[in-house]
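Hello! Here is the structure I promised to pass on to you. Have a look at it first, and then read my notes below.

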Amino acid sequence: MSDICFQPAWRQMDALNLGSLTSAELLEVHIAQFNRVNKALNAVIKTDLERARERARALDRMRADGKILGPLHGLPMTVKDTFDVDSMPATAGAPEYAKRAKPVEDASVVARAKAAGAIIWGKTNVPYMAGEWQSHNRLFGKTSNPYDMSRTPGGSSGGASAALAAGITPLEVGSDIGGSLRIPAHFTGIVSLKPTYGVMPQAGHVPPAPDFPGEVDLNVVGPMARTVRDLKLLRSVMQRGASGSQTGFSLSIEDKKLAVWTEHDTWPVAKEVQDLISVAVAEFEGAGAEVARVKPDIDPDELLDVYLSLLIPIVALDMPQLRTIGLKFLRPILKYLQRYEKSPFTDGNWAVKADLSHLDWLKMDARRSAMKWIMRDFFKTYDALILPVSPTPAIEHNIKGTVLERTMKIDGTSAPYASHLQWISLASALHLPAVTIPIGRTDDGLPVGIQIVGRQGEDARLLDIAEAMEGLLGGYRRPRSDLGLL
């Protein structure tokens, strides 16, 4: 029965609906898988098993009485530890939030999942304040990648992606401001939807601080799963009223116009990633898609500058007050020195942008608006834009120094660790939806994914295109059992 852990969520729901097994039995199968593999992976870092078992039994009684809460009735799942769950307040990997009083109010999307019948039994690991692309922190330690334990599953939804890939959970709720849904999906061979900005509520997400009353720019909440069909299922719950599919759309990419952009002088992409993208693109052409190697009429370096200018002040919301005050005095000097810096990933550039004035922000937002219009016109011609997710497959664990001090190797050449921000910047800065799907594995067995980016607000149509592509490429593939883990 343990193999059902690796089945898509929709198949697990079929088994529940047909009476092949009970919610209590399905929960125990996932708990057994957690007990089998999590000590090595460290993907799930908190559990509430007693309450989960009580809820599973209650949901089974409801089903026997003909009462069904919704499309997730009886399905066990975990949630990223940036979302509040009543008995498991979000810590976001931060010691300062480790002793939050409980119960807390469920995050909005968690409440919706529960209302649809989900059983939330665990929380998955993240980096400190969800602030980078490796899921490690002082509270819970590091999470490893089930395809190669020497590597990270990504961040900040890294525990979520590892749990999905390892069969611990069939669905996950993640978030993304700097690639946090897309990079983990790419690193672990699963799927994710970074939705159009603003269509799903952020309430109950940490960061920002738990008492922060508003929602921040750029950040989105989205579903993670092993199949695109499952993304549609969870999206319909998280985004009330969202349709699972575009009405009348067949799951085919025949005659679809696809743009592919994978190269820019200062945005490196490893050859093994480029090669797998080329193979996938050939499959799309063979299926009747019209493919053009074309870049939107946007300067990538200007895009990145605008994105960082919008992103860094949000990150600075949770900076210590004294450091923020100090930046105000240093800003004129640092801004002058910027002209001599060749990389955007420097302490000086970060410091200048962290203290952006409201007037400066308005100017950046105007530059963003101009790019949004360019993309609206672009998607009048093309149905979707295919991009790399990250320059490399999953990287080896490396937590020495700060995010700006680290480097990574791309085809033997050193590149800034923060280069992870480059290819994800388009969808994030311009509020566009992006679906990440796996396209294959490297010779070393590491998954590689692509971003499929679409027009703002057309998430359903983009998911249909992604599901058609997934069908051509084969989708999620279980980690090898000879790793001694699974």
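The largest pocket has a volume of about 1300 Å³. A pocket here is an open set of points on a 1 Å grid over the protein atoms alone, where a 1.4 Å probe fits, with protein on both sides within 12 Å along at least five of seven lines; lining residues have an atom within 4 Å of a point. The volume is the space filled by probe spheres set on the points, which are joined across faces, edges and corners. Of the 45 lining residues, Y128, G131, V315, W350 and V403 are the closest to the centre of the largest pocket.

This is a predicted model, where local features need pLDDT of at least 70, side-chain atom pairs count only at pLDDT 80 or more, and totals for chains, interfaces and linings use all residues. Residues are numbered from 1 along each chain as its sequence is written, and side-chain values use heavy atoms, leaving out hydrogens and water.

The second largest pocket holds about 340 Å³ of space. Among its 19 lining residues, R151, T392, I395, E396 and K409 lie closest to the centre. Strand β12 (residues 407–410) gives the most to this lining, with four residues. Strands (E, at least two residues) are DSSP runs, numbered from the N terminus, as are helices (H or I, at least four).

Now for a sheet: three strands form an open one in the order β1-β3-β2, with mixed pairing; two strands pair if DSSP finds at least two bridges between them. β1 (44–47) and β2 (76–80) are at the edges with a single partner strand each, so one side of each has no neighbour in the sheet. β1 and β3 (residues 119–124) pair in the antiparallel sense over three bridges, and V44 has T124 as its bridge partner in β3.

Happy exploring!
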